[in-house]
Amino acid sequence: MNRPGAPSSPAAAPPSAAPPADPSLVDAAEAANSLGVDPASGLSSAAAAERLARAGRNRLDPAAQVPTWRKLLAQFADP
């Protein structure tokens with residue numbers, strides 16, 4: 001039950017134009033547009049530098065390596 005002046009429930013709100021959670025569900029032009037990039041010309045040097053400063057390098061951290069001693073102990077584990 002809504003009172004006058006009270007915020008409406010989220011279900012009553014109109015759908016927003018938020019991008020989908022999975023970018024693979026949209027075409028490339030729409031994904032580029034949502035990121036503010038022109039696929040034909042790419043980013044300017046200034047825009048690339050700003051994004052690098054804001055988000056950091058585009059890299060994945062390597063997975064943690066299992067120490068040799070733990071691999072050796074795993075050989076004696078009962079399956």
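**Surface, fold and salt bridges**

Mentor: The protein exposes about 7,600 Å², with 59% of that area supplied by carbon and sulfur atoms. Accessible areas come from the Shrake-Rupley method with a 1.4 Å probe, and for residues only the protein chains shown count as cover. This is a predicted model, where local features need pLDDT of at least 70, side-chain atom pairs count only at pLDDT 80 or more, and totals for chains, interfaces and linings use all residues. Residues are numbered from 1 along each chain as its sequence is written, and side-chain values use heavy atoms, leaving out hydrogens and water.

Trainee: What share of the residues count as buried?
Mentor: Of the 79 residues, 1% are buried. Buried means under 20% relative accessible area, exposed over 50%, and partly exposed in between (1.4 Å probe, protein chains only).

Trainee: And how many helices and strands does the protein have?
Mentor: Three helices and zero strands, in the pattern α-α-α along the sequence. Helices (H or I, at least four residues) and strands (E, at least two) are DSSP runs, numbered from the N terminus.

Trainee: What is the mean pLDDT of the protein?
Mentor: It is 78, and 72% of the residues reach 70 or more. pLDDT is the predictor's confidence in each residue, from 0 to 100.

Trainee: How are Glu-50 and Arg-54 placed in the helix?
Mentor: They sit four residues apart in helix α2 (residues 45–55), so about one helical turn separates them. Glu-50 is partly exposed at 43% relative accessible area, while Arg-54 is exposed at 58%.

Trainee: Which residue does Asp-61 pair with?
Mentor: Arg-59, with the closest N and O atoms 3.2 Å apart. Both Asp-61 and Arg-59 are exposed.

Trainee: Last one: is Ala-28 buried or exposed?
Mentor: Exposed, with a relative accessible area of 64%. Ala-28 is in helix α1, and its C-alpha lies 8.7 Å from that of Pro-39, eleven residues away in sequence.

How values were computed: A salt bridge is a side-chain nitrogen of Lys or Arg within 4 Å of a carboxyl oxygen of Asp or Glu.
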